[in-house]
Amino acid sequence: MGQNNVPFWESKTLEEMSSKEWESLCDGCGRCCLLKIEDWDTSEVFLTRLSCHLLDKETCRCRDYPNRHKVVEDCVSISPKKVRSLSWLPESCAYRRVDDGRGLAWWHPLLSGSSKTVFEAGISVQGWARCESTVAPDDFHRYIINDFDAD
Ligand code: SF4
Ligand code: SF4
């Protein structure tokens, strides 16, 4: 809690949060760990339901978070600037919600007290993502999905 028992996600901007607060704001949905395909001609980015090979599809957490950039070169670190500029970051992402002034949803672990509510609400990639390593790169385009902004 911040000043006057106002939670930090309501009293601070993204830039003002400590690294511990910042990390706890991630709801663990795993959506940002889905593979994106970029059209070289148009630069348009398409989202797929293929998950990064480091993502644990059950817990929806990175299996090697501290070393992720050594293993997956193009893993994107979410920052306040990126929250405002990445078109593929879902509307449900807690960073986007807080930055937009929409607050956290009931299923966010910081409100519910349980990491399971993100699964129960159907917000995470649990149960429908497929690991990229099980698909030939030439077939990645078959897994393109429309935006998933159920919120
Ligand atoms: S989309 Fe946002 S809330 Fe979900 S895992 Fe990624 S950073 Fe965390
Ligand atoms: S390396 Fe980890 S954090 Fe980065 S995209 Fe893959 S699973 Fe997600």
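Helices here are DSSP runs of H or I with at least four residues, strands are E runs of at least two, and both are numbered from the N terminus. This is a predicted model, in which local features need pLDDT of at least 70, side-chain atom pairs count only at pLDDT 80 or more, and totals for chains, interfaces and linings use all residues. Residues are numbered from 1 along each chain as its sequence is written, while chains are lettered from A and ligands numbered from 1 in the order in which they are written.

Now step back to the whole protein. It has 7 helices and 6 strands, which follow one another in the pattern α-α-β-β-β-β-α-α-α-α-α-β-β. Its radius of gyration is 16 Å, close to the 15 Å of the globule rule for 151 residues, so the protein is as compact as a globular protein of that length. That radius is taken over C-alpha atoms, and the rule is 2.2 Å times the number of residues to the power 0.38. The C-alpha trace spans about 55 × 30 × 30 Å along its principal axes. Of the 151 residues, 19% are buried.

Next come the strands, which pair if DSSP finds at least two bridges between them. Strand S1 (residues 34-38) and strand S2 (residues 45-51) run antiparallel and are joined by 4 bridges. Leu 34 has Ser 51 in S2 as its bridge partner, and Glu 38 stands opposite Val 45 in S2. S2 has other partners too: strand S6 (residues 144-145) is joined to S2 by 2 bridges in the antiparallel sense, with Thr 48 opposite Ile 144. Strand S5 (residues 130-131) pairs with S2 in the parallel sense over 2 bridges, and there Leu 50 is the bridge partner of Arg 130.

Ser 43 is exposed because it has 7 other C-beta atoms within 10 Å. Cys 60, in the loop between strand S3 (55-56) and strand S4 (61-62), has a positive phi near 60°. Cys 60 counts as buried because it has 23 C-beta neighbours inside 10 Å.

Finally, which residues surround ligand 2? They are Cys 33, Cys 52, Leu 54, Leu 55, Cys 62, Arg 68, Val 72 and Cys 75. A residue counts as near a molecule if its C-beta atom, placed from the backbone, lies within 6 Å of it. This shell has 7 nonpolar, no polar and 1 charged residues. Here Ala, Val, Leu, Ile, Met, Phe, Trp, Tyr, Cys and Pro count as nonpolar, Asp, Glu, Lys and Arg as charged, and the others, Gly among them, as polar. Around ligand 1 there are 13 residues, of which Cys 26, Asp 27, Cys 29, Cys 32 and Cys 93 come nearest. That shell divides into 9 nonpolar, 2 polar and 2 charged residues.

Note on methods: A residue is buried if 20 or more other C-beta atoms lie within 10 Å of its own, exposed if 12 or fewer, and partly exposed in between; C-beta atoms are placed from the backbone.
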